[in-house]
Amino acid sequence: TSIINTYRGVGFPDSAKVCYRVQTIDSCGNLSDTSKAHCQINLKANPGNQENNLYWTPYKGWKADTVEVQRLNAGAWQPIDTLSGTDTAYTDQGLQCNKAYTYRVKYFEAGGNDQTSLSDSITVTPFDTVSPQTPSIAPTTTLNDATLQTSWTASSGDVDRYVVYRGDGNGNFSAQDTLQS
């Protein structure tokens, strides 16, 4: 029966790739060769226009068969894509702007030993720089002495709400109401 020994190191800088090697010393002081180095996956990300761009250092220690990109959803890690074991970047697209997304990557070993390694996690928030389409307004009409009505064609794409402005005819407008799309 083999006994698995575990060491947990803490406190490493974000930019550092941390690797471990192990050596055995017997009771007489004889040293084994040092094991092969194994290095963790260091995950980084940049927010993009309704997307998050992930990139990472590859796992070092064994050949990877596949890499699974995972996103935290309601407290549970969910796979969102499976990549080749040599891939070191992924773009998660079609995301909601100003919403934080948390990711990690999981490497699967190619040697048939069912070994895996997880990266650290990272949280990144995409933005949106694309302005929505300008609404096409219909004629404004008087319904009765106290009520005016204006209508517009709904804008396509990412529309959250409309702001209705009223002016005095001289170009001076002020916001009157905000309507959900």
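This is a predicted model: local features need pLDDT of at least 70, side-chain atom pairs count only at pLDDT 80 or more; totals for chains, interfaces and linings use all residues.
Residues are numbered from 1 along each chain as its sequence is written, and side-chain values use heavy atoms, with hydrogens and water left out.

1. Asp158. With a relative accessible area of 46%, Asp158 counts as partly exposed. Look for Asp158 in the loop between β14 (152-153) and β15 (161-167); strands here are DSSP runs of E, at least two residues long, numbered from the N terminus. Setting aside neighbours within four places in sequence, Asp158 is in contact (heavy atoms within 4.5 Å) with Gln50, Asp128 and Pro132. Ser131 is 27 residues away along the chain, with 8.7 Å between its C-alpha atom and that of Asp158.

2. Asn52. This one sits in strand β4 (residues 51-56). Is Asn52 buried or exposed? Asn52 is buried, because its relative accessible area is 0%. Its side chain makes a polar contact with the side chain of Tyr103, at 3.1 Å. (For a polar contact, two N or O atoms lie within 3.5 Å; within protein, one must be able to donate a hydrogen and the other to accept it, and residues adjacent in sequence count only if both atoms are side-chain atoms.) Not counting residues up to four places away in sequence, Asn52 also touches a list of others, including Tyr90, Asp92, Leu95 and Val124.

3. The core. A nonpolar core means buried Ala, Val, Leu, Ile, Met, Phe, Trp, Tyr and Cys residues joined through side-chain atoms within 4.5 Å. The largest one here has 19 residues, and Leu43, Leu54, Trp56, Val69, Tyr103, Val105 and Tyr107 touch the most other members. At least two residues each come from β3 (43-48), β4, β5, β8 and β10 (122-124), with β8 giving the most, 4 residues.

4. Strand pairing around β5. Strands pair if DSSP finds at least two bridges between them. β5 (residues 64-73) runs antiparallel to β8 (residues 101-109), joined by 7 bridges, and Thr66 stands opposite Phe108 in β8. On β6 (residues 76-84), β5 pairs in the antiparallel sense over 8 bridges, with Leu83 as the bridge partner of Val67. β5 and β6 form a hairpin with 2 residues between them, and Ala74 in the turn has a positive phi of about 55°.

5. Cysteines. How many disulfides does a search of the whole structure find? The search finds 1 (cysteine sulfur atoms within 2.5 Å). Cys19 and Cys39 form the disulfide, with sulfur atoms 1.9 Å apart. Their S-S torsion is about 105°, so the disulfide is right-handed. Cys19 lies in β1 (residues 19-20) and Cys39 in β2 (residues 38-39), so the pair ties together parts 20 residues apart in sequence. Cys19 is partly exposed at 38% relative accessible area, whereas Cys39 is buried at 2%. As for other cysteines, Cys28 is exposed at 66% relative accessibility, and Cys97 is partly exposed at 23%.

Terms used: Buried means under 20% relative accessible area, exposed over 50%, partly exposed in between (1.4 Å probe, protein chains only).
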